[in-house]
Amino acid sequence: MDLDRYSPQMLSVMRIVCGLAYLYCSLPALMQPPSLDHPTHMLLYWVSRWVQILAGSLIVVGLFTRLAALFLSINFFVMYPYWYQPGLNWPSVEATGFTLASVVCMYLVTAGAGRWSLDAVRTSLRDTLARR
């Protein structure tokens with residue numbers, strides 16, 4: 001059985017599920033923000049959440065997937081120690097989840113969006129127009 005032929009479709013499924021997971025974790029945090037005393041902390045919190053929501057939305061539909069995944073990966077690597085582990089007590093359950101999310105994002109940066117994406121439609125359209 002040749003499973004390699006399903007790789008582009010499974011990449012798309014992984015991308016969609018990961019994007020939905022990012023949205024599922026980020027949207028409720030906007031509804032109940034933490035009470036932060038320092039204005040800089042609050043600004044970083046809101047910027048981080050909006051990056052997760054916007055990049056997660058782009059990843060779900062597969063538009064500018066590589067760039068969105070890069071921003072998410074950087075966001076996870078920078079914000080995790082700042083928000084969730086101020087003492088950097090590694091490893092923890094949260095650290096494992098954030099590390100996995102960063103690795104998945106870096107995979108999407110290198111692999112792209114897969115067959116079922118707006119990036120694939122853009123590429124196909126660009127190739128069609130280039131042939132004319």
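## The start of the chain

A residue counts as partly exposed when its relative accessible area lies between the buried limit, under 20%, and the exposed limit, over 50%. Asp 2 has a relative accessible area of 45%, so Asp 2 is partly exposed. This is a predicted model.

Asp 2 sits in the segment before helix H1, which runs over 7–31. The side chain of Asp 2 reaches the backbone nitrogen of Asp 4 at 3.4 Å.

## Helix H1

H1 has 25 residues. From its first C-alpha to its last, H1 reaches 37 Å. That is close to the 36 Å expected at 1.5 Å a residue.

Several residues of H1 are buried, among them Gln 9, Leu 11, Ser 12 and Arg 15. Cys 18, Gly 19, Tyr 22 and Leu 23 are also on the list of buried residues.

## Helix H2

H2 covers 39–61. This helix has 23 residues and reaches 33 Å from its first C-alpha to its last. The reach is close to the 33 Å expected at 1.5 Å a residue.

The buried residues of H2 include Tyr 45, Ser 48, Arg 49, Gln 52 and Ile 53. Ala 55, Gly 56, Ile 59 and Val 60 are buried too. Ser 48 lies in H2 and has a relative accessibility of 5%, under the 20% limit, so Ser 48 counts as buried. Leaving out residues up to four places away in sequence, Ser 48 touches Asn 75 and Met 79.

## The nonpolar core

In soluble globular proteins, nonpolar side chains tend to be buried together. Here the largest nonpolar core has 14 residues. Those with the most contacts inside this core are Tyr 22, Ile 59, Ala 69, Leu 72, Phe 76, Cys 105 and Leu 108.

H1, H2, helix H3 (65–84) and helix H4 (93–111) each supply at least two residues of this core. The largest share, five residues, comes from H4.

## Aromatic pairs

A pair of aromatic rings is described by the distance of the centres and the angle of the planes. The count in this model comes to two aromatic pairs. In one of them, the rings of Tyr 22 and Phe 76 have their centres 5.6 Å apart. Tyr 22 is buried at a relative accessible area of 9%, and Phe 76 counts as buried at 8%.

Tyr 45 and Trp 46 also form an aromatic pair. The distance is 5.6 Å centre to centre, with 85 degrees between the planes. An angle over 60 counts as edge-to-face, so this pair is edge-to-face. Tyr 45 is buried, with a relative accessible area of 6%. Trp 46, at 27%, counts as partly exposed.

Gly 62 follows H2. The phi of Gly 62 is positive, near 80 degrees.

Phe 64 is found in the loop between H2 and H3. Phi of Phe 64 is near 50 degrees, a positive value in a residue other than glycine. At 44% relative accessibility, Phe 64 counts as partly exposed.

H5 spans residues 118–131. Leu 118 is found in this helix and is partly exposed, at 40% relative accessibility. Leaving out residues up to four places away in sequence, Leu 118 touches Val 61, Gly 62 and Leu 63. The C-alpha atoms of Leu 118 and Thr 65 are separated by 9.0 Å, although the two residues are 53 residues apart along the chain.

The structure holds one salt bridge. Arg 122 forms this bridge with Asp 119, and the closest N and O atoms are 3.1 Å apart. Both residues lie in H5, three residues apart, about one turn of the helix. An α-helix has 3.6 residues a turn, so residues three or four places apart point the same way. Asp 119 counts as buried at 15% relative accessibility, whereas Arg 122 is partly exposed, with a relative accessible area of 38%.

Key
Residues are numbered from 1 along each chain as its sequence is written. This is a predicted model: local features need pLDDT of at least 70, side-chain atom pairs count only at pLDDT 80 or more; totals for chains, interfaces and linings use all residues. Side-chain values use heavy atoms; hydrogens and water are left out. Helices (H or I, at least four residues) and strands (E, at least two) are DSSP runs, numbered from the N terminus. Buried means under 20% relative accessible area, exposed over 50%, partly exposed in between (1.4 Å probe, protein chains only). A polar contact is a pair of N or O atoms within 3.5 Å; within protein, one must be able to donate a hydrogen and the other to accept it, and residues adjacent in sequence count only if both atoms are side-chain atoms. A salt bridge is a side-chain nitrogen of Lys or Arg within 4 Å of a carboxyl oxygen of Asp or Glu. A nonpolar core is a set of buried Ala, Val, Leu, Ile, Met, Phe, Trp, Tyr and Cys residues joined through side-chain atoms within 4.5 Å. Contact means heavy atoms within 4.5 Å. The expected span of a helix is 1.5 Å times one less than its number of residues. Rings of Phe, Tyr and Trp (its six-membered ring) pair if their centres lie within 6.5 Å; planes under 30 degrees apart count as stacked, over 60 as edge-to-face and the rest as tilted.
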